[in-house]
Amino acid sequence: MSLGRLLAVATALLMAIACGGIALGIGVVMDPVLRDLLGTLGLSGLEAVLSDLAEGYAPDPGMVEGAVSLGRAILLLVAVPPVLNAIVGEVLGWRALAWYGGATGLLTALLPWLMRGASGPAGAGEGRVTALLFCAGGVAGLVYWLAAGRFAGRGPATMWAAPPRR
């Protein structure tokens, strides 16, 4: 893999991760159940942190630890699937949109299930969250495919050339 291709893949992955995160955020805001949950948890947590800071106290370590854990989980959900699928696609030279969009969406949706050992549903809204994660992963995969995935496996001289007509 040439240095130019490596740079293109890295740039495409950064764009895909950012777009997947934005899609996840939009999905959470658009879903009424998740929006209400986020509003309840987010506002009460924000109020507690701001009141502690206003009184001159350091934020509760448990709250900071919880925020760091939530950030890690979101990064795991948004970053790992596009990176794994990009590596597999690049190594095998796959250029199919179905691979990058579909497999990234599927892996993103399955990641919470895989991490907890594929036990049954954790709650009533799990189907909504799974669909939201599939869409966010699909967006990330689509962005990666548009930026770099459709050129996977091509040599450096033909990467920007038009594909041959058949």
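Residues are numbered from 1 along each chain as its sequence is written, and side-chain values use heavy atoms, with hydrogens and water left out. Because the model is predicted, local features need pLDDT of at least 70 and side-chain atom pairs count only at pLDDT 80 or more, while totals for chains, interfaces and linings use all residues.

The protein chain contains five helices and zero strands, where helices (H or I, at least four residues) and strands (E, at least two) are DSSP runs, numbered from the N terminus. Read from the N terminus, the order of elements is α-α-α-α-α. Of the 166 residues, 28% are buried; buried means under 20% relative accessible area, exposed over 50%, and partly exposed in between, with a 1.4 Å probe and protein chains only. Contacts (heavy atoms within 4.5 Å) were counted between residues at least 6 apart in sequence, and 72% of these join residues at least 24 apart.

Trp 94 is found in the loop between α3 and α4 (97–115). Trp 94 counts as partly exposed because its relative accessibility is 36%. With residues up to four places away in sequence left out, Trp 94 touches Val 88, Gly 89, Trp 99, Tyr 100, Gly 149 and Ala 152. The C-alpha atoms of Trp 94 and Arg 150 are separated by 7.9 Å, although the two residues are 56 residues apart along the chain.

The structure holds one cavity of 30 Å³ or more. A cavity is a set of points on a 1 Å grid over the protein atoms alone where a 1.4 Å probe fits but cannot get out, and lining residues have an atom within 4 Å of a point. Grid points are joined across faces, edges and corners, and a volume is the space filled by probe spheres set on the points. Two or more lining residues come from each of α1 (3–30), α3 (61–92) and α5 (126–147), and α5 gives the most, with four.

Note on methods: 1 Å grid on protein atoms, 1.4 Å probe; cavity = no way out; pocket = protein on both sides within 12 Å on 5 of 7 lines; lining within 4 Å.
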